[in-house]
Amino acid sequence: MKNVTDSFVSLGHWPSAGSFGFNTDILATNPINLSVVLGVLIFFGKGVLSDLLDNRKQRILNTIRNSEELRGGAIERLEKARARLRKVEKEAEDYIVNGYQEIEREKINLRNSIGKNLERLENYKNETIQFEQQRAINQVRQRVFQQALQGALGTLNSCLNNELHLRTISANIGMFGAMKEITD
């Protein structure tokens, strides 16, 4: 066995021997093997790797483009929403202002209406009082007139004879009828 190992080692030391052999020196063979593998990978894998990187680059660029489009759409929708919000806020402010103005108008109208109603009620009260006073005055006049008439009739009855008495009664009845027509 030692001879086999020695033969591999001895092949490594004969560079001009012209035969094929294995180099068992690990430190000397690994960089060479690695550079061969890397060279083969670079030569044959360059196209595949380039295609993979190009595809990845295109996907990233498409994603960025789509993101930019979505961002632009989102910004546009945001601006529209802000414009609608400003419009709605303005309308709400107008409604509030108009509402307060309407409330003030209604208060003024209500005060005016109450004032008119109070004035109308005051006029009605005064008319009613005046009517009742006039009625009371008329009733008192009628009573006074009736009492005066009864007193006069009583005096006349005691002082007058029958013929004079009938003429006085007729005259008084005529006057009473005329006064009754005037008061009605």
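Which residues does the UniProt annotation "transmembrane region" cover? I began with the record, an unreviewed entry, and found that this annotation covers residues 32-49. I kept in mind that UniProt positions are given in the numbering used here, that feature names are shortened, and that annotations may be inferred rather than shown by experiment.

**Ground rules.** I am reading a predicted model, in which local features need pLDDT of at least 70 and side-chain atom pairs count only at pLDDT 80 or more, while totals for chains, interfaces and linings use all residues. Residues are numbered from 1 along each chain as its sequence is written, and side-chain values use heavy atoms, with hydrogens and water left out.

**Annotated spans.** I looked up the secondary structure over residues 32-49 and found 100% helix and 0% strand, with 23 Å between the end C-alpha atoms; helices here are DSSP runs of H or I of at least four residues, strands are runs of E of at least two, and both are numbered from the N terminus. The unreviewed UniProt entry also lists residues 71-98 as "coiled-coil region", and that span is likewise 100% helix and 0% strand, its end C-alpha atoms lying 40 Å apart.

**Aromatic pairs.** I searched for ring pairs (Phe, Tyr and the six-membered ring of Trp, with centres within 6.5 Å; planes under 30 degrees apart count as stacked, over 60 as edge-to-face and the rest as tilted), and the count came to two. F43 and F44 form an edge-to-face pair, at 4.9 Å centre to centre and 85 degrees between the planes. Both F43 and F44 are exposed, where exposed means over 50% relative accessible area, buried under 20% and partly exposed in between, with a 1.4 Å probe and protein chains only. The rings of F145 and F176 have centres 5.3 Å apart and planes at 5 degrees, so I noted that pair as stacked. Because F145 lies in helix α2 and F176 in helix α3, the pair ties together parts that are 31 residues apart in sequence. I recorded F176 as partly exposed, at a relative accessible area of 30%.

**Largest pocket.** The lining consists of N138, R141, Q142, F145, Q146, F176, M179, K180 and T183. The elements giving two or more residues to this lining are α2 (26-159) and α3 (162-183), and α2 supplies the largest share, five residues.

**Salt bridges.** What total does a search of the whole structure give for salt bridges? I found eight, counting a side-chain nitrogen of Lys or Arg within 4 Å of a carboxyl oxygen of Asp or Glu. Among them, E68 and R71 meet at 3.8 Å, N to O, and both lie in helix α2, three residues apart, about one turn of the helix. K107 and E104 meet at 3.5 Å, N to O; being three residues apart in helix α2, they are separated by about one helical turn. K107 is partly exposed at 38% relative accessibility, and E104 is partly exposed at 41%. For R135 and E132 the closest N and O atoms are 3.6 Å apart, and these two residues also lie in helix α2, three residues apart.

How values were computed: On a 1 Å grid over the protein atoms alone, a cavity is a set of points where a 1.4 Å probe fits but cannot get out, and a pocket is an open set with protein on both sides within 12 Å along at least five of seven lines; lining residues have an atom within 4 Å of a point.
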